[in-house]
Amino acid sequence: MILVQQFINGLVLGSGYALIALGWTVLLGAARLVNFAHGQLYMLGAFVAWFVMEQAGVPYFVSIPVSVLAVALLGAFMQASMTRLVMEQNLTSLMIVTLGFGYMLTGGAAILFGGAPQTLDSPLQGMAVRTGGVWFTLQDVLILACALVLFAAVWLVLNRTRIGAMVRAIAEDPKLAQLFGINAPLVYLGIFVFEAATVALAATLVAPRTPILTSMGFEEVILTFMIVVLGGIGSVGGSLAAGFGLGMFTAFFGTFVSPAYTTAAAFGFVLVLLSVRPKGLARR
Amino acid sequence: MSSVLACDRLTVRYGGKTAVDRVTLDVPAGRMVGVIGANGAGKSTLINALAGWSRGRPEVEGEVVLGGEPVSGLSAYRRAHRGLLLVPEGKGIFGGLTVEENMALVRTPADTRDRHAFGEDEIFALFPRLRERLHHKGTALSGGERQMLAISCALRAAPRVLLLDEPSVGLAPRLVLELLKRMRQLVDLGLSILLVEQNVRAALSVVDDVYLLERGTVVAHGPAEEMREDKRVVEAYLGRSDIEIAEPGSPHP
């Protein structure tokens, strides 16, 4: 029965990882951009939801859109201040600038929300389902369902719509896209807003499972980077598979070997896999 | 004859070096105008500046007027919306997208007064090969097919003027003439085209008017039939037999 329980744990962990990485999948995978403040946006997503619940007394499910909207606006501001770097696809400068943004967000959040650990309360987190010796919460079900639905929606939009074709076109050649009448800066703005909004959504769904701290974020960036690279840059399906794979690995390795070495072992696993399949899990 | 595209003293500098120097040019409606000149004369820089487009960061001065309205301050995508469609030299399509997706990227403007947006049927009649390659990615296309696709995408956007930059690059001589003849057919149907072409003999066989560019400056301008006799053109571009592309003795009427 422990195997089934760990499978469920892996599934929930993995869908959480995948959700956190979804925005980056589009940002790096499709638009060839980076945002190393991604982890801090995750932190902010969780804290904005917590803050409005604590201060305004709004219910959990109302705090989700509030947080998504607030972080999306921040994403828009970030992109607007980096338009030139984005248009020139200057990834090195973007990396430094977004890292700087991340540190500013961490500092600002510490001033605004304090340094103490907090809990983002979701009513579904306390609703457990116990059956046949295994258990999971309704929050776990929500995370899994949201991950599957959002990944399917993003895959469809990227591969079956004109907007998706525009994103892929801009990823390939933003200058040429302008000759097709595409407002490239506007599309980039949309991609950044999407990335910020989805990581905030992921935070509001995943964060109720653990205490939240304004210092968190670094682990989420590393995790996201690992998933996007492992999944194969540019592959939405690959990122979902990588998220689940990493979740399973974390659950089983943590249970049967040692939770202390899970991250190091996961990196070892990724290293071996990428040396065998340099383009990750994606079918090319 | 009314002008559909004109520029007045257009100057383009890259890092302080002047690539195009006070060029004044006019594309009358329903005509095909050629810009010829040697490699490095500033032809591509000129046509890119007209479209407000560049892969670098040029300083551009001078006025560009499209259909009587100044467009100098507009970015490339806004000029494209207004019907100033550039097909750049070399890579004019997205290799990661299929032919169908490349064509679907272009949105026909809502207001197409005085403009004609080419439908799929018209494009496939012009370039039947594209229909067969509809679901192939751009990377799988030949040089000629890519050029056809790039032109088709521009035609779908209802061009007031089509700016073609070196469409002959990378194409077999037979294909060059075939492509230019098809462009000529579009002009005969009312489209206005500005053609930048290094293959002078081929260009002279289809255009109505010619501008000769040397070191960024217009050194001669006139109807194609006169320019064919121009000493500078004959000596520099028509004297060599290895650029025999056009059918001899078949200048455009």
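**Figure 1. Chain A holds twelve helices and two strands.** Helices (H or I, at least four residues) and strands (E, at least two) are DSSP runs, numbered from the N terminus. From that end, the elements of chain A run α-α-α-α-α-β-β-α-α-α-α-α-α-α. The radius of gyration of chain A, taken over C-alpha atoms, is 19 Å. The globule rule, 2.2 Å times the number of residues to the power 0.38, gives a value close to this, 19 Å for 284 residues, so chain A is as compact as a globular protein of that length. Its C-alpha atoms fill a box of roughly 60 × 50 × 30 Å along the principal axes. This is a predicted model: local features need pLDDT of at least 70 and side-chain atom pairs count only at pLDDT 80 or more, while totals for chains, interfaces and linings use all residues. Residues are numbered from 1 along each chain as its sequence is written, and chains are lettered from A and ligands numbered from 1 in the order in which they are written.

**Figure 2. A:Val71 sits in the largest nonpolar core.** A nonpolar core is a set of buried Ala, Val, Leu, Ile, Met, Phe, Trp, Tyr and Cys residues joined through C-beta atoms within 7 Å. A residue is buried if 20 or more other C-beta atoms lie within 10 Å of its own, exposed if 12 or fewer, and partly exposed in between; C-beta atoms are placed from the backbone. The largest core has 169 residues, and A:Val71 and B:Leu163 touch the most other members. Helix H9 (residues 184-206) of chain A gives the largest share of this core, 15 residues. Two residues are in contact if their C-beta atoms, placed from the backbone, lie within 7 Å. Leaving aside neighbours within four places in sequence, the contacts of A:Val71 include A:Leu41, A:Val48 and A:Ala196. Of the 284 residues of chain A, 48% count as buried.

**Figure 3. A:Ser215 lies in a loop of chain A.** The loop runs between H9 and helix H10 (218-231). A:Ser215 counts as partly exposed because it has 13 C-beta neighbours inside 10 Å. A:Ala116 is 99 residues from A:Ser215 in sequence. In space, their C-alpha atoms are 9.7 Å apart.

**Figure 4. Four strands of chain B form an open sheet.** The order is S2-S1-S4-S5, with antiparallel pairing. Two strands pair if DSSP finds at least two bridges between them. Strand S2 (17-28) and strand S5 (69-70) stand at the edges, each with a single partner strand, so one side of each lacks a neighbour in the sheet. Helix H1 (residues 43-51) of chain B packs on the sheet and touches S1, S2 and S4. Its direction makes about 115 degrees with that of S1(B). Axes are lines fitted to C-alpha atoms, for helices over the stretch in contact, and angles run from 0 to 180 degrees between N-to-C directions.

**Figure 5. Strand S1 of chain B pairs with S2(B) and with S4(B).** Eight bridges join S1(B) to S2(B), which run antiparallel. B:Tyr14 stands opposite B:Lys17 in S2(B). Two residues separate the strands of this hairpin, where B:Gly15 takes a positive phi near 55 degrees. Strand S1 (residues 3-14) also pairs with strand S4 (residues 59-66), in the antiparallel sense, over seven bridges. In S4(B), B:Glu59 is the bridge partner of B:Arg13.
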